[in-house]
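This briefing is for a reader new to the structure.

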Amino acid sequence: MKIKKTLATILLFCAAQAQADTIRFGVDPTYPPFSYKNKSGELEGFEIEIGNALCAKLQSKCVWVVNEFDGLVAGLKAKKFDGILSSMQPTAERLKQIDFTDGLYSVYTALVASKGSPLSFNEASLRGKSIGVEQGTVQDLYANKNLAAWGVTVVSYQSQDQVYADLINGRLDGSLQDVTQAELGFLSTPQGKDFKVSDVLRDPATQADIAIGVSKSNTDLKEKLNGAIKGIRDSGEFEKIEEKYFSNKLSKG
């Protein structure tokens, strides 16, 4: 009986240890080159490699949990995963619900339209136009608050892929997403050959650094991730991953 109790204790300890050594990241893999699925269905991308590097630094196992972007905050609060690593910015509304690590990189919002289009970020240009955004993104919030007031029809989609599909099919006049994603994840592909970055938005409301979302109660994980972020920056590993995906460094700070 004593041996059985000892064995049970050991098994419980091992299970707890295994759980402690695993970090589950929620991700929406429809945003290349940051996160996407390759032809084999495996996750790839800049943020996937950054996440794996952080886990390695912490001697933890990375587990990636695929989730639609607009459900990531709810998923974190429901403990479906431990962190969100999916091109998410710490907006005021999100900070009411969850916490964030130190920033990883900065991006600007781009307006993508057909090559013959003169669209730009002003009321006269956009009034009466249809603009697509991914649900729950900073671009979604900005468009519904600002562009809708100009008479723009804002159409929200569950994934960025769906936005581009309707842009290509002529159901949209333009789309909003970060400029790096637009250039490398769409405009450089055969599907995006007839489109361009028509304008770039430099509004402070959309300029918070991309960071990792964590639960407000999980200060231990936040501190560990902040230490790991500093560690892979100091070692040069962050820069190596960055150079693999981008010809120019992502802005930081």
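The largest cavity in this predicted model holds about 140 Å³ of space. By the rule used, the count comes to one cavity of 30 Å³ or more.

**Lining of the cavity**

- The largest cavity has 15 lining residues, and Y31, F69, S87, T137 and Q139 are the ones nearest its centre.
- Two elements, strand 6 and helix 6 (138–147), each give two or more residues to the lining of the largest cavity.
- Strand 6 contributes the most to that lining, with three residues.
- Sorted by class, the lining of the largest cavity consists of six nonpolar, five polar and four charged residues.

- Five strands form an open sheet in the order 5-1-6-13-7, and the pairing is mixed.
- At the edges are strand 5 (61–66) and strand 7 (99–100), each of which pairs on one side only.
- Strand 6, which also lines the cavity, spans residues 83–88 and pairs with strand 13 (residues 211–214) in the antiparallel sense over three bridges.
- Within these two strands, G83 of strand 6 stands opposite V214 of strand 13.

**Helices on the sheet**

- Helix 9 (residues 219–234) packs on the sheet and touches strand 1, strand 7 and strand 13.
- The direction of helix 9 makes about 165 degrees with that of strand 13.
- Helix 2 (residues 46–57) lies across strand 1 (22–27), strand 5, strand 6 and strand 13.
- Relative to strand 5, helix 2 runs at about 145 degrees.

Definitions and conventions
Residues numbered from 1 in each chain as written. Predicted model: local features only at pLDDT ≥ 70, side-chain atom pairs only at ≥ 80, totals over all residues. Heavy atoms only, no water. Pairing = 2+ DSSP bridges. Helix = DSSP H or I, 4+ residues; strand = E, 2+ residues; numbered from the N terminus. Contact = heavy atoms within 4.5 Å. Axes fitted to C-alpha atoms, helices over the stretch in contact; angles between N-to-C directions. 1 Å grid on protein atoms, 1.4 Å probe; cavity = no way out; pocket = protein on both sides within 12 Å on 5 of 7 lines; lining within 4 Å. Points joined across faces, edges and corners; volume = space filled by probe spheres on them. Nonpolar A, V, L, I, M, F, W, Y, C, P; charged D, E, K, R; others polar.
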